[in-house]
Amino acid sequence: MNNNFYYYDFADGSIESINIDYDKVELSIALDVKEEWGIPKSKMIKVICSEVVGLTDLCMWEDTIIFGAELKELSDKDTPFLKKASDAYPTENTSQFFDNALKESLLDLAIEMSNHITFHIYCYDVRIEN
């Protein structure tokens with residue numbers, strides 16, 4: 001996990017695009033930052049989630065403004081999505097049918113949008129690029 005996640009203030013940022021590949025999700029986000037003179041300015045960053053297990057509850061219909069974002073290691077694996085994922089995939093790579101197994105240290109990137117719906121990206125690595 002990239003430790004610089006909390007260097008950024010995601011409140012009032014705007015999601016410009018979301019790209020989803022096989023096991024990677026890239027969020028392009030315009031952050032509101034203030035220059036030295038107090039003039040508001042937008043700064044683009046890219047949040048890259050790797051080894052993605054899944055994404056849930058994404059609802060951005062007319063709402064691209066972020067209220068807040070939180071990144072934490074998952075301690076509660078009793079969410080409906082994770083129960084389904086645990087039932088579908090082994091916790092150890094003991095099957096010839098699966099290349100990957102669910103591992104410990106699963107991260108939850110939770111982003112609350114202005115519509116008060118929080119979506120989650122469950123993955124094993126998050127980094128930010130400027």
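This is a dialogue on how to read some features of a predicted model.

Trainee: What should I know about the model before reading the values?

Mentor: The model is predicted, so local features need pLDDT of at least 70 and side-chain atom pairs count only at pLDDT 80 or more, while totals for chains, interfaces and linings use all residues. Residues are numbered from 1 along each chain as its sequence is written, and side-chain values use heavy atoms, with hydrogens and water left out.

Trainee: How many bridges join strand β2 to strand β3, and in which sense do the strands run?

Mentor: Strands (E, at least two residues) and helices (H or I, at least four) are DSSP runs numbered from the N terminus. Two strands pair if DSSP finds at least two bridges between them. Here β2 (residues 24–34) and β3 (residues 40–50) run antiparallel and are joined by eleven bridges. Ser28, for example, has Lys46 in β3 as its bridge partner. The hairpin of β2 and β3 has five residues between the strands, and Gly38 takes a positive phi near 85° there.

Trainee: Which strand pairs with β3 over five bridges?

Mentor: That is strand β8 (residues 125–129), in the antiparallel sense. Ser50 stands opposite Asp125 in β8.

Trainee: What is the order of the strands in the open sheet?

Mentor: The open sheet of four strands has the order β4-β7-β6-β5, with antiparallel pairing. Its edge strands, β4 (54–56) and β5 (66–73), each pair on one side only. From one strand to the next the twist averages 15°, where axes are lines fitted to C-alpha atoms, for helices over the stretch in contact, and angles run from 0 to 180 degrees between N-to-C directions. Within this sheet, six bridges join β6 (residues 107–113) to β7, and Glu112 stands opposite Thr118 in β7.

Trainee: How many aromatic pairs does the structure hold?

Mentor: Rings of Phe, Tyr and Trp (its six-membered ring) pair if their centres lie within 6.5 Å; planes under 30 degrees apart count as stacked, over 60 as edge-to-face and the rest as tilted. The structure holds four such pairs. Tyr8 and Phe10 have ring centres 6.4 Å apart and planes at 50°, so this pair is tilted. Phe81 and Tyr122 are stacked, at 5.2 Å centre to centre with 10° between the planes. Phe81 lies in helix α1 (residues 80–88) and Tyr122 in strand β7 (residues 118–123), so their pair ties together parts that are 41 residues apart in sequence.

Trainee: Is Phe81 buried, exposed or partly exposed, and what is its relative accessibility?

Mentor: Buried means under 20% relative accessible area, exposed over 50%, and partly exposed in between (1.4 Å probe, protein chains only). Phe81, at 23%, counts as partly exposed, whereas Tyr122 is buried at 3%.

Trainee: How far is the sulfur of Cys123 from the closest cysteine sulfur?

Mentor: A disulfide is a covalent bond between the sulfur atoms of two cysteines; the cut-off is a pair of sulfur atoms within 2.5 Å. The sulfur of Cys123 is 4.2 Å from that of Cys49, too far for a bond. The structure holds zero disulfides. Cys49 is buried, with a relative accessible area of 0%.

Trainee: Which residues touch the most other members of the largest nonpolar core?

Mentor: A nonpolar core is a set of buried Ala, Val, Leu, Ile, Met, Phe, Trp, Tyr and Cys residues joined through side-chain atoms within 4.5 Å. Of the 23 residues in the largest core, these are Phe10, Ile29, Val47, Cys49 and Leu109. A second, separate core of seven residues includes Leu82, Leu106, Tyr122 and Tyr124.
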